[in-house]
Amino acid sequence: MTAKRANIAKTPYPMLVPAALLFGMFFAYPLLRGIGLSLTDWDGIGTARFVGLDNFLEFFGDRRALRDVSNTVLFALGSAPGLVLAGLALALLIDRPSRFFRAARTVIYLPAIASPLVMGYVWYFLLQPGRGLIARAGRSAFGPSFAFDWLSGDSSALVLLVAVNVWQYAGMTMVIFLAGLQAVPQEMYEAARLDGAGAWTCFRKITLPFLIPSMKVNVVTNIIGSLSVFDVVMGLTEGGPGYATETLSIYIMRKCFGSFTGYSTAVAVVLFLIILVPTAVYLRAVRSSEFER
Amino acid sequence: MKPPHQAAAARGFRFAATAAVCLLYALPFAVLLLLAVSGPAGPSLRLRNFAEAARASRMGRAVFNSALIAVCSVSLLLAAASMAAYVIARFPTRPVRIFFALLLGSMMIPGIVNTVPLYAMLVGLRGINTYWAMIVVCATNALPFAVFLYAGFVKAVPREIEEAATIDGCSPFAAFRRVVFPTLAPVTASVLILNGIGIWNNYGQAVFFLQARDMKTAPLAVSMFFQQYGARWNLVAAAAVIALAPAVLVFLACQASFVKGISAGAVKG
């Protein structure tokens, strides 16, 4: 009892103050205020008027907003599984202790530390329909009738965005899977092989179970990251053609700068829920499968 | 056991596939570099593109802004996160545990959800187009993961060394600063590099909070340059190279601690 009290008395709460101030003032307070603002018609300058759920009703009645929801969800449906699978495949491919494969890890990881906005511009130089380097190379190889105009088609532009995003961040998921692979005891493979297990059985029964923690991290971060994508889209398509690849995060920015502050915080609340639901469902599923074992 | 020729074929396939992937990854960077030294008509070796692009895009000022914001943000982050993690790891009282749980939970909420109310708040505080606002916002964004990384490592530091310091009359803060913090150098390096590069590349918040011409960071300068000089790809590419170079060079120089930080977070997650 006395020992415990002494311990509490010693807790150096002042050391927590900088972190608590940052978190409280620049995360928690604006988050709560944002939920409040989402129920107003505030334009960012004048006084805010309480409008109840009007912003949300307007959102769900707006065709552009609903298209942005489907763009965002479709992008994530391609990008999140794409990143997890590409990262896993790359990790299995280069998990070899030699200079060549270590160098490959560096090269594959490189775009993940480069500005996604700037890399979006680089891909624009490659993929642009008329002047793009791929289109130009195609014309000089196959004649002037060659056309590469995926960036100007609605769904093909979205496909390109998914591909560029997977290209950019597969190195990140790969590095996390490589860390998970370090935990697999090599003796288990030898023992399994002596028992006559093939490569697929070894992968399923030994490798995959050891990758569950890194899988969890990768799935969650990529669900969140893909649903809130912003930079890559701004770099490559700016949401175009038209609004064909506009995502909710870009819509939020445009509405905020268009003086619809209250409305844009309502969109942010919707985006938050769109992210929360799959993340929570996945974490729940993982937890219950852990209990089963 | 596989027959030897089959094993050699598998090895050959692994090398070939890895080489192909590397080509796919190196190609866009090679194209960017090539464009950056091209003339208006096609490939050449025009190094003056860099000078011209830097002048026209005001890249010097932007690089200075980015560097200042990254350095200040990361310093603030290192101090706040390491101290908080120390309290969390060593004094897990109920309020401390609740605070940690809130921090971890906040990692599920991406920046964009919070950016508009933050923008509204900073308009009121006259924080738009100031360094301090961008510095604290970037530090706050990076805080939860940094605390999480630090806390894991503090738990692995044996208590005995700081207990000895406390018996010698050190306060918990002094014990932390003189004894514990130095042993955390590897995490400090990871947090520094991971977040330094992340903040250098920040666009999602910068586009809201830094609108004045003199306040633009490197990604914003490239973006503005692209809007104005969009047709002159060689100059835009040169500006892009200048904006990318610091992050790429820091990453190549400090790769080991970079990868270590990410992996440590992953394995414990």
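1. Start with the pairing of α4(B) and α6(B). In this predicted model, α4(B) passes α6(B) in a left-handed crossing. Helix α4 of chain B covers residues 94-106, and helix α6 of chain B covers residues 131-156. Their axes come within 8 Å and cross at roughly 120 degrees. The two helices are therefore oblique to each other.

2. Which residues make that contact? From α4(B) come B:Leu103, B:Leu104 and B:Ser106. From α6(B) come B:Leu143, B:Pro144, B:Val147 and B:Phe148. By class, the contact of α4(B) with α6(B) has six nonpolar residues, one polar residue and no charged residue.

3. A second pair in chain B deserves a look. Helix α1 of chain B (residues 4-36) and helix α12 of chain B (residues 233-253) have axes that come within 7 Å. These axes cross at roughly 120 degrees, which makes α1(B) oblique to α12(B). The crossing of α1(B) past α12(B) is left-handed.

4. On the α1(B) side, the contact uses B:Leu32, B:Leu33, B:Leu35 and B:Ala36. On the α12(B) side, it uses B:Trp233, B:Asn234, B:Ala237, B:Ala238, B:Ala240 and B:Val241. Nine of the residues in the contact of α1(B) with α12(B) are nonpolar, one is polar and none is charged.

5. Now the core. The largest nonpolar core has 172 residues. Those with the most contacts inside it are B:Ala81, B:Leu143, B:Val147, B:Tyr150, B:Ala239 and B:Ala240. The helix that gives the most to this core is α6(B), with 18 residues. B:Leu143 and B:Val147 also belong to the contact of α6(B) with α4(B). B:Ala240 belongs to the contact of α12(B) with α1(B).

6. What does B:Tyr150 touch, leaving aside residues up to four places away in sequence? Its partners are B:Ala81, B:Ser82, B:Ala85, B:Leu184 and B:Val187. One of these, B:Ala81, is also listed among the core residues with the most contacts.

7. Between the chains, the contact takes 65 residues from chain A and 68 residues from chain B. On the side of chain A that touches chain B, the largest share comes from helix α2 of chain A (residues 17-37), with 12 residues. That side of chain A has 48 nonpolar, 13 polar and four charged residues.

8. B:Phe15 lies in helix α1 of chain B. Is B:Phe15 buried or partly exposed? It counts as partly exposed, because 15 C-beta neighbours lie inside 10 Å. B:Phe15 and B:Leu76 are 61 residues apart along the chain, and their C-alpha atoms are separated by 44 Å.

9. Most residues other than glycine have a negative phi, and most peptide bonds are trans. A cis peptide bond joins A:Gly240 and A:Pro241, with omega about 0 degrees. A:Pro241 sits in the loop between α12 (231-236) and α13 (248-257) of chain A.

10. The other two places are in the loop between α5 and α6 of chain B, which holds B:Arg126 and B:Asn129. B:Arg126 is not a glycine, yet has a positive phi of about 55 degrees. B:Asn129 is not a glycine either, and its phi is positive at about 60 degrees. B:Arg126 counts as exposed because it has 9 C-beta neighbours inside 10 Å. B:Asn129 is partly exposed, with 16 other C-beta atoms within 10 Å.

Technical notes:
Residues are numbered from 1 along each chain as its sequence is written. Chains are lettered from A and ligands numbered from 1 in the order in which they are written. This is a predicted model: local features need pLDDT of at least 70, side-chain atom pairs count only at pLDDT 80 or more; totals for chains, interfaces and linings use all residues. Axes are lines fitted to C-alpha atoms, for helices over the stretch in contact, and angles run from 0 to 180 degrees between N-to-C directions. Helices (H or I, at least four residues) and strands (E, at least two) are DSSP runs, numbered from the N terminus. Angles under 35 degrees count as roughly parallel, over 145 as roughly antiparallel, 65 to 115 as roughly perpendicular and the rest as oblique. A crossing is left-handed if the near helix is turned anticlockwise from the far one by less than a right angle, and right-handed if clockwise. Two residues are in contact if their C-beta atoms, placed from the backbone, lie within 7 Å. Ala, Val, Leu, Ile, Met, Phe, Trp, Tyr, Cys and Pro count as nonpolar, Asp, Glu, Lys and Arg as charged, and the others, Gly among them, as polar. A nonpolar core is a set of buried Ala, Val, Leu, Ile, Met, Phe, Trp, Tyr and Cys residues joined through C-beta atoms within 7 Å. A residue is buried if 20 or more other C-beta atoms lie within 10 Å of its own, exposed if 12 or fewer, and partly exposed in between; C-beta atoms are placed from the backbone.
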